[in-house]
Amino acid sequence: MFAFIKRKYLSAVKRKKAGGTVRTDELRIKGVPGRSGEIPNRKGTIRSWMNKRAVKRKKTTAYGAVTNAGKPRRKKSRYVVVLAVIPLLVAAGWFGSGFLVDCLSEISFFQVEKLVFSGNSVVTDNQLRELSGIIVHRTSLLGLDGDRVKKRLLENPHIASVSLKKKWPDSLEITVREHEPVAILQRSVSGSDRLVYIDKKGVPFLDVPVGGDVDYPVITGVEEIDDAGKRQSAFENILTLLKFVRKNDPHLPVHSVSEVHVDRNGEMVVYLVEYPFPIYFGNGNTRDTEKKYSNLVRCLKYLYSNRNRDERVAGIEYIRMDYLKDKVLVSRANQVN
């Protein structure tokens with residue numbers, strides 16, 4: 001039987017290769033013996049068909065052919081991106097018009113519940129809170145204009161700078177830096193002299209009230225210098241000296257300096273509170289000023305250590321710090337040391 005089927009199959013294959021026709025009953029022969037004489041079983045045929053099917057699907061997907069495996073995924077990813085972008089665009093448009101901000105500002109979740117101030121010593125927290133215009137449990141962080149708050153706080157002359165830090169959803173920290181007065185500057189405004197406090201950078205920030213206490217060194221003569229460059233140099237020289245004086249050496253504390261005057265040539269003269277004699281510093285750079293300050297401290301230490309201090313100091317006419325290099329000239333009524 002098997003020999004008969006094998007002969008029929010081989011005869012059909014031979015005619016097909018020769019260009020002949022194959023009868024229908026011959027094509028229906030599925031299981032024919034191989035060269036080994038064994039007939040392939042049905043299980044092996046199904047596995048072979050499944051493998052060919054898998055390879056076909058893999059190729060079509062990898063090369064991006066017209067299949068149903070690749071394109072739907074790309075379409076889905078595009079839909080997700082579009083659906084995510086559209087709300088953002090709509091929200092951005094609403095934020096620009098302020099409509100959405102106004103709506104969300106009414107939500108208590110974003111309203112300021114905790115307001116903290118730091119860096120202030122002269123201006124109180126209540127003054128800062130009132131000046132900022134922020135109302136706790138009513139002002140929302142969403143609609144809060146930080147620049148406007150800074151501008152309001154800077155209206156206080158004691159405040160030099162402001163920084164805000166929002167802590168979502170309901171907290172706000174405001175840090176301020178106040179001007180620290182180091183001296184009082186005499187200025188001429190509209191033909192009348194005025195006294196204003198200046199900070200260590202020389203920034204005037206507050207007028208001295210009429211009849212107010214003058215507890216800082218008074219700077220005079222700066223505006224009488226015609227040359228702008230010389231005037232600026234003299235002013236910087238004064239600030240440098242005040243920086244060293246603020247170290248509060250026991251022989252020359254800052255409260256012992258009454259006045260720092262500069263003449264039209266920009267040369268600096270210092271007056272003390274207790275004694276009327278002038279101390280000529282001359283002009284120079286920062287290094288010269290530091291050296292002259294150190295020499296003056298040593299000179300005053302010597303004068304104050306004498307038993308007859310008041311008598312010796314009272315007889316001084318002037319002290320020159322610019323006499324010679326690293327030399328100090330103390331002039332008395334009838335004597336020069």
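Is P253 buried or exposed? Let's start there, everyone, and keep in mind that what we have on screen is a predicted model. P253 has a relative accessible area of 12%, and the cut-off for buried is under 20%, so P253 counts as buried.

Where does P253 sit? It is in the loop that runs between α8, residues 228-245, and β8, residues 257-262. Setting aside neighbours within four places in sequence, P253 touches V245 and N248. If you look across to V297, that residue is 44 positions away in sequence, while the C-alpha to C-alpha distance from P253 is 9.8 Å.

Now to V245's other setting, the packing of two helices. α8 packs with α9, residues 286-305, at an angle of about 40°, the axes lying 9 Å apart. That angle makes α8 oblique to α9, and the crossing is right-handed. On the α8 side, the contact uses N237, T240, L241, F244 and V245; on the α9 side, T286, T289, E290 and Y293. Sorted by class, that gives four nonpolar residues, four polar and one charged.

On to the core, friends. The largest nonpolar core holds 39 residues, and I219, I279 and I319 have the most contacts inside it. Several elements supply at least two residues each, including β4, β5, β8 and α9, but α8 gives the most, with eight. Take I219 as an example: beyond its close sequence neighbours within four places, its contacts include L185, I198, F235, L242 and V260.

Terms used:
Residues numbered from 1 in each chain as written. Predicted model: local features only at pLDDT ≥ 70, side-chain atom pairs only at ≥ 80, totals over all residues. Heavy atoms only, no water. Helix = DSSP H or I, 4+ residues; strand = E, 2+ residues; numbered from the N terminus. Buried < 20%, exposed > 50% of the residue type's maximum accessible area, 1.4 Å probe, protein only. Contact = heavy atoms within 4.5 Å. Axes fitted to C-alpha atoms, helices over the stretch in contact; angles between N-to-C directions. Parallel < 35°, antiparallel > 145°, perpendicular 65-115°, else oblique. Left-handed = near helix turned anticlockwise from the far one by under 90°. Nonpolar A, V, L, I, M, F, W, Y, C, P; charged D, E, K, R; others polar. Core = buried A, V, L, I, M, F, W, Y, C linked by side-chain atoms within 4.5 Å.
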